Amino acid sequence: MTSNDSQTTAPTVLVRSDGEVDKETLAYAREKIDAVVGRPGLPAVTGEVRIVRAAAHHAGHPWSATAALHVGRREVVVLAEEATGHEVVDQLQDRLRRQTDKVAHAGNNGHRAEAPPWRGGSDTPRPAEDSGKPADSHTA
């Protein structure tokens with residue numbers, strides 16, 4: 001098995017390969033991953049993408065891809081398996097886009113889930129955002 005390391009145009013996302021991954025597939029992967037992580041509005045993205053081609057010819061999905069990225073302060077992990085290099089890269093790109101969109105939208109609206117009381121959060125209900133009234137609270 002061979003291992004190739006190469007830097008993408010996004011300065012901190014490394015694309016690696018294992019097995020017999022051709023240069024065309026790596027270039028295609030770099031292009032697709034850069035399209036996802038280089039979008040405006042995303043926080044800084046760092047991490048690694050690994051493209052693997054299994055040596056066994058009998059495998060139904062010999063291509064796999066794993067992305068482990070930090071998008072801002074959140075971690076995004078995506079896995080994909082397919083029959084060809086281009087298919088696995090396309091699937092990886094779709095899944096990365098969905099996950100990074102979730103991170104971007106979660107970070108932009110300023111709303112974070114309240115920690116449960118056993119993790120230091122308040123056990124008092126918070127008021128609804130659009131009404132100025134506190135949430136109904138009933139004692140048992």
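1. Of the 140 residues of the protein, 31% count as buried, where buried means under 20% relative accessible area, exposed means over 50%, and partly exposed lies in between (1.4 Å probe, protein chains only). The model is predicted: local features need pLDDT of at least 70, side-chain atom pairs count only at pLDDT 80 or more, and totals for chains, interfaces and linings use all residues. Residues are numbered from 1 along each chain as its sequence is written, and side-chain values use heavy atoms, with hydrogens and water left out.

2. Overall arrangement. The protein contains two helices and five strands; these are DSSP runs numbered from the N terminus, helices being H or I with at least four residues and strands being E with at least two. Along the sequence the elements follow the pattern β-β-α-β-β-β-α. Among contacts between residues at least 6 apart in sequence, 44% join residues at least 24 apart, a contact being heavy atoms within 4.5 Å.

3. Pairing of strand β3. Strand β3 (residues 45-53) pairs in the parallel sense with strand β2 (residues 13-18) over six bridges; two strands are taken to pair if DSSP finds at least two bridges between them. In this pairing, Val13 stands opposite Gly47 of β3, and Asp18 has Val52 of β3 as its bridge partner. Strand β3 is also joined to strand β4 (residues 63-71), by nine bridges in the antiparallel sense. Val52 stands opposite Ser64 in β4, and Val52 is also the β3 bridge partner of Asp18.

4. The β-α-β unit. Strand β2, helix α1 (residues 23-37) and strand β3 form a β-α-β unit that is left-handed. For reference, a crossover is right-handed if, with the strands pointing away from the viewer, the path from the first strand over the helix to the second runs clockwise. The handedness of this unit may be the point a reader wishes to inspect in the model.

5. Helix α1. This helix has 15 residues and reaches 21 Å from its first C-alpha to its last, close to the 21 Å expected at 1.5 Å a residue; the expected span is 1.5 Å times one less than the number of residues. The buried residues of α1 are Thr25, Leu26, Tyr28, Ala29, Lys32, Ile33, Asp34, Val36 and Val37. One of these, Ile33, is in contact with Val49.

6. Surroundings of Val49. Val49 belongs to strand β3 and counts as buried because its relative accessibility is 0%. Leaving aside neighbours within four places in sequence, Val49 is in contact with Val13, Leu14, Val15, Arg16, Ile33, Thr66, Ala67, Leu69 and Leu92. The C-alpha atoms of Val49 and Val15 are separated by 4.8 Å, although the two residues are 34 residues apart along the chain.

7. The Asp18-Arg50 pair. The count of salt bridges comes to four, a salt bridge being a side-chain nitrogen of Lys or Arg within 4 Å of a carboxyl oxygen of Asp or Glu. In one of them the side chains of Arg50 and Asp18 meet at 2.7 Å, N to O. Arg50 lies in strand β3 and Asp18 in strand β2, so this pair ties together parts that are 32 residues apart in sequence. The side chains of Asp18 and Arg50 are also joined by a polar contact of 2.7 Å; a polar contact is a pair of N or O atoms within 3.5 Å, and within protein one must be able to donate a hydrogen and the other to accept it, while residues adjacent in sequence count only if both atoms are side-chain atoms. Asp18 counts as buried at 13% relative accessibility, whereas Arg50 counts as partly exposed at 24%.

8. Salt bridges that share partners join Arg16, Asp18, Glu48 and Arg50 into one network. Within this group, Glu48 is partly exposed, with a relative accessible area of 25%. Arg16 is also among the residues in contact with Val49.

9. The Arg39-Asp101 pair. A salt bridge joins the side chains of Arg39 and Asp101 (2.6 Å, N to O). Arg39 lies in the loop between α1 and β3 and Asp101 in helix α2 (residues 85-108), so the pair ties together parts that are 62 residues apart in sequence. Arg39 is buried, with a relative accessible area of 19%, and Asp101 counts as partly exposed at 28% relative accessibility.
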